[in-house]
Structure formats: C-alpha cells, structure tokens
Amino acid sequence: MLRFAVAGLAANKVRSALTMLGVLIGVASVILLLAVGNGSSVAVKESITSLGTNSLTVSSAASRGSATAAKKLTVEDAKALASATDAPSIKSVAPVVTTSGTALYGNVSYQPGQIVGTYPAYFETSNLKVDRGDYFSADDVLNSRKVAVLGSTTARELFAAEDPVGKKITIGGTPFTVVGVLRTKGSTGFNDPDDVVIAPLPTVQNAFTGFGSVNQILVQASSADATTEAQSDITRILMGTHAVKDAAKADFRISNQTSLLSARESTTKTFTVLLGAVAAISLLVGGIGITNIMLVTVTERTKEIGIRKALGAPRAVILGQFLAESTLLSVIGAGLGVLAGVVGSHFSVVGIEPVVIPESVLGAFGIAVAIGLFFGSYPANRAASLRPIDALRHE
Amino acid sequence: MRTAKPPVIQIRRVTKSYGHGDAVVHALRGPLTGGGEPLGVDLDIAEGDYVAVMGSSGSGKSTLMNILGCLDVPTSGRYLLDGTDVGHLDEGQLALVRNRKIGFVFQSFNLVPRTTALAQVELPLAYAGVRAAERRRRAMAALGLVGLADRAGHKPNQLSGGQQQRVAVARALVTAPAMLLADEPTGNLDSRSTGEVLGIIDGLNARGRTVVVITHEDEVALHAKRVVRLVDGAIVSDVRQAPVDGPPPAPAAAAGVVA
Ligand SMILES: Nc1ncnc2c1ncn2[C@@H]1O[C@H](COP(=O)(O)OP(=O)(O)OP(=O)(O)O)[C@@H](O)[C@H]1O
Ligand SMILES: [Mg+2]
C-alpha cells in the first residue's frame, strides 16, 4: 500500500512537492515562532534571576505639585537604612552614584557605558561575580582608595587579551588600580550590563559627582519573600529621614525588579500566544492545501477508481490508498518542517535566541499528520463511495 | 428448458433510464404496455451458457451488460445472481462479487493508466488477496494465453489498441471467474487475433463457465450457443444455436467462416 502511495505521489512530483511545502512551512513556523516566543521569555526569566530576586531599588522622585524641590537621596539615607535595628528584613544597603567618563590605559581610550560608585554590598545585591581578581572591600570604601572593578566588556575594550588585574587606568584624570574583572552577564536587552566600571562610592564622589546626593539606593531584602516587608520598612525609615508625613507625598520611589520583570514576562507570554496563533493558522492552511490536492487527485483519477472498483477493489482498499497518500504527504511535509524548524531555531531572530519547546515539535508533527488524515479522508471517502459505473464514465 | 439447475442470471422487469421529464432516455425498457409504459426486460441465463448479445448501436447492450456485471443498478426491476438479489447486497459484498464471480471486459478496455500489463492483470488477484509470487505466475500465464507474454512490462500507452484489448481479456479471465462478461472483446482485433481470443473464450465455456459476449460481428455470434437481439432497449429475438450443456459450436462455425 505504501508502495502504491509513493508511486501515486511520484506521478505528480511538482504538485506533491508544493503540497508538502505548505505543510512544511506550517510545521516549521509553529516550531520556530513558538521557539522565538519561548526564547524571549527564557531570556526574561534569566534576567530576573541575574538581577537578584530580592533586590529593591530606591530612587528619588520629584514630588509633583510641591513648591519645594524634592529632597534628594543621600548617603545618610542609606546609613539610616543600614543601621535601622527594627528592620530585620533589610539585609544590606548600597548607595549608588552613576556617571560617565573616558577611561585611558596606555594609549587606548574607551568610554564605558557607566561608571558606578557604590559599596561592596552592591555586588551581591546585583548578582555580580568576579571572574579574575577580587571585589573592592569596605576598607577601600572607608579610605577612598582609587581602585576599580571592570565589567568584562570594558576590560576587553581597554586591555584586549592582557590581564587587567593590578594595572592602572586613568578615568577623568584620576588614576585607578584595577582589582577585579566581573564575569560576563550577557546582554538582556538594549544596554550591556558588562560595560561598567565600579569603584568605591567616596572615590567616585570625590573625583566626579561631588558629595551631594546619590542616584539610587540598592537594598537587598533578607529573602525573596521579605521584599514586601522590606519595602514598607524602607518607606517608614525614609519618611522619617525626609520628614514626610503622608506616604502619598513620599519623594522617593521603591521599585521591585521582580514585579517589573514578571510584568515583562507576561507580555512575552501574550507575544508567544500570538505567534503560536499565526503559526497554527499557517498549519491549517497547509492542511487545506492537502485537501485541495487530494480532491484534484481524486477527480483526476476517478476513472481509475472506477476500473479498480469494477475489478473488485473493496472500499477499504480505495480509501486506504488515498489516505496513505495524504498521510504520506503530511508525514514527509511535517518531518521536513520539524527539520527546518529545529535547524532554523539555531539562528537568533531579531536578537532573540529561540529555544525550541519539545512539546511544540511533537505537537506540530502530530497535528500535521492528523490534518493529513482528517483533510485527506474527505476526498478519499468521496473516491471510495463512487459507484463504479459513474466513476468509469467520468471524463 | 432443462430444470436441473436454476439459472445463474435472472433478470426480472428491469428498466434503465437516464435523465428526467421530456429528456428521459429509456436505455433498457422491454416491451411496452398498451399505454406506452415500459414493462422491463426479462432474461434468464443458465450456468454454462454462451450468449451473444447483438443489436445496433445505442440499443442498450452495454447498459444491460453493466447491470449484469454489478457495475450499475437498474432503475427498476430485480437482478438475481445465483439466486441472490443483487439489490440487497452492500458495498463490500458487491466488491466481492465483482472480484470473485465476474470477469468483465470493457468495450473501451479501461486499463489503469501508467501501469504495466503485468500489474494490470495482477490487480484482480491482488484484491482477492493472492500472494505476490502466485499472483505473478498466474498473471504471466494469462498474458501468455492472449499472446502478450513478451509485452508484460509495457504500459497502456506503449501498447496498440488490439494489444490493450487482449490485456483487458487476460485481466478478466485471470481469476478464473464463473462468469465472463465481454463487451465487444474483439472490436479492435484483426481476424487472426479475433480467432485467438474467441478460442480462449470458447475454451473457458467448454470448461463450464458462463459467457455473455456483446458483438456486432456475425462470425463472433456463431461461436455462441444462444443469440439475443436488442432493439431500442427491448429483446426482439432469442435464438438457441446449441444446447446449454454441450460444447460451444465453435469448430463448425469456424469452418463455416473459412468456407
Ligand atoms: N450515462 C448515460 N446518460 C445518458 N444516456 C445514456 C448514458 N449511458 C447510455 N445512455 C444512452 O442509453 C442508450 C444505450 O446505450 P448503450 O451504451 O447501452 O448502447 P450500446 O448498445 O452499447 O451501443 P454501442 O453498440 O454503440 O456500444 C443510448 O441511447 C445512450 O445514449
Ligand atoms: Mg456498447
């Protein structure tokens, strides 16, 4: 029967190939589009964990409608948070200032994405690990030592293959000794988290920003579950230091990375569902292509069906032959589609690394084969139930 | 008429008409009543008989044959094959009857396109569930019988009209059916091939098979034991030339043709 089916398909190679192409595109697009959607949500998930799930960012907010300028965040605020005895949910605190400047090493000049001045707690809270060398210490902060930890991108730009640890670089006229290089985090979006220089807070304030306000205060909660508690503790303490009575008029904002990113994750889910729907439609169109081709084939071979029936072919044989053909079309088409989808997902699409969902491969293949059977059965049934004489008279 | 065996074929008041209203064509109608209503065709064919059906073009010969071969259903009337009403059989049983009991040679050959002569002849055996090796052996034997053993690998478009007709004959007799229905099996053959094919059919009849042949040629009709003539869908004459249980009258007839 399979041999008959192959012969039947081979009799019209171009047509069979085009039909298969329809199924192939359907299956491949299901696999590929779902992989792209999945890939983007995997990337979001990764960035959530890499940010540290229990970190909170406090930034100053210009209070709208208030005549007096909002009180900026200061190192004192950070100290108040760190030294609060009645806030067990706060594990560590790191005030952050950011600036920009050009770094020089020998005659290499490079402008890193960000220059960060902070406390050592920053590394843990932001989930940053050193690859070579070490972090700077609390002692370095106290003594305003001119030391720096480089992100991997910055290190590569300035030092190429050289080991940066122990070397001296100059940023904005201030010499810094490189004490460590961070492990590559990888880009999660538009900016490169590896393109940074991190130095002790007072050093950066002294050299660049001055001892005024800080940009952010990074707070690490004692656990992921304690973030809500930490958030209310922070609010309470800072309302005290800023002398704000009404929580609605707070001149600072606390953002929780996790909630931010889970919002982004749900967007990517919608995105995946949309992509999947588009792909499913193309799979359906492929299925209709099979019906169409099988109808044409049946019509074209009506006379042959009549001859076979006159020779005593049972209904099941005729049915089986056409079903075998349509199933073969869809199996081969779907098989090639799986191949194309899996191969295609090795290339990144618009910056997203596709991650194939195994269920989508099985599902798309199964659905395509089922479609072949389902859509093939209508023409096959029509062929099998023809009366021999009517089939024979068919022109 | 002997009553030892019931006839294999019994047709009772069968009519076949195409179209509706004014455009209706009565392809098979039998005698008319006084009011012009068709009464339908009655025909009995005994086992082992050899019937030639003659008549002008359009007289309903093929229509009758298609009904006998269970390929078409009559508009009205009953068809009893071996005592069973064919109208009561379902699809599967009909397929079985077509496959096991009847060998059909079409007026227009009706070979399966793009299929070799050998595969054509193997088809009915395949549907009967005969195993490949056996199938091949019997198909080759049947092709040998019609003198086409050397054309086994040819496809219909590589065969002459007469060769195609002989493949069709080989296909009809390969299953050794109890009934051979042939619609002008010699229409495209020269007199020598005609003689060969008729020889095969005579041989089958001599071994007890029932044969119905449609023909326009008198020399073919001479081979039959009985000649039925159709005019406008009705039987106008039914002449017995030889007894049912005797041998086919071929040798004498053949001699007559040569003379
Ligand atoms: N499918 C059909 N639709 C309409 N009319 C038909 C159909 N088949 C046959 N007829 C008509 O029925 C009549 C008998 O046709 P049939 O084929 O039985 O003739 P025939 O005796 O076999 O002729 P021939 O010797 O030319 O083969 C013809 O008038 C024909 O036009
Ligand atoms: Mg005819």
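Colleague: Hi! Before we start, what is a salt bridge?

Modeller: Hello! A salt bridge is a side-chain nitrogen of Lys or Arg within 4 Å of a carboxyl oxygen of Asp or Glu. Keep in mind that we're looking at a predicted model.

Colleague: Thanks! Which residue forms a salt bridge with Asp72(B)?

Modeller: That would be Lys16(B), and the closest N and O atoms of the two are 3.3 Å apart. Asp72(B) sits in the loop between H1 and strand S5 (76-81) of chain B, while Lys16(B) is in strand S1 (residues 9-18) of chain B, so the pair ties together parts that are 56 residues apart in sequence.

Colleague: Nice. How many salt bridges are there over all chains?

Modeller: The count comes to 24 salt bridges over all chains.

Colleague: And how many are between chain B and chain A?

Modeller: Two salt bridges are counted between chain B and chain A. In a salt bridge with an N to O distance of 3.3 Å, the side chain of Lys309(A) meets that of Glu91(B).

Colleague: How many residues does the contact take from each chain?

Modeller: The contact takes 20 residues from chain A and 19 residues from chain B. Between them, the two chains bury about 1800 Å², and 61% of this is on carbon and sulfur atoms.

Colleague: Let's change topic. Where does ligand 1 lie?

Modeller: Ligand 1 lies between chains A and B. It is surrounded by 14 residues, and the closest are Ser57(B), Gly58(B), Lys61(B), Ser62(B) and Thr63(B).

Colleague: Which part gives the largest share of that shell?

Modeller: Helix H1 (residues 61-68) of chain B does, with three residues of the shell around ligand 1. By type, the shell has two nonpolar, nine polar and three charged residues.

Colleague: What lies 3.0 Å from an oxygen atom of ligand 1?

Modeller: A backbone N or O atom of Gly60(B) does. A polar backbone atom of Ser59(B) is 3.2 Å from an oxygen atom of ligand 1. His216(B) uses its side chain instead: an N or O atom there is 3.2 Å from an oxygen atom of the ligand.

Colleague: Last one: how much of the accessible area of ligand 1 does the protein cover?

Modeller: On its own, ligand 1 has 630 Å² of accessible area, and the protein covers 66% of that.

Conventions
Residues are numbered from 1 along each chain as its sequence is written. Chains are lettered from A and ligands numbered from 1 in the order in which they are written. This is a predicted model: local features need pLDDT of at least 70, side-chain atom pairs count only at pLDDT 80 or more; totals for chains, interfaces and linings use all residues. Side-chain values use heavy atoms; hydrogens and water are left out. Contact means heavy atoms within 4.5 Å. Buried area is the accessible area (1.4 Å probe) that two parts lose on being put together, summed over both. A residue is near a molecule or strand if one of its heavy atoms lies within 4 Å of it. A polar contact is a pair of N or O atoms within 3.5 Å; within protein, one must be able to donate a hydrogen and the other to accept it, and residues adjacent in sequence count only if both atoms are side-chain atoms. Accessible areas come from the Shrake-Rupley method with a 1.4 Å probe; for residues, only the protein chains shown count as cover. Helices (H or I, at least four residues) and strands (E, at least two) are DSSP runs, numbered from the N terminus. Ala, Val, Leu, Ile, Met, Phe, Trp, Tyr, Cys and Pro count as nonpolar, Asp, Glu, Lys and Arg as charged, and the others, Gly among them, as polar.
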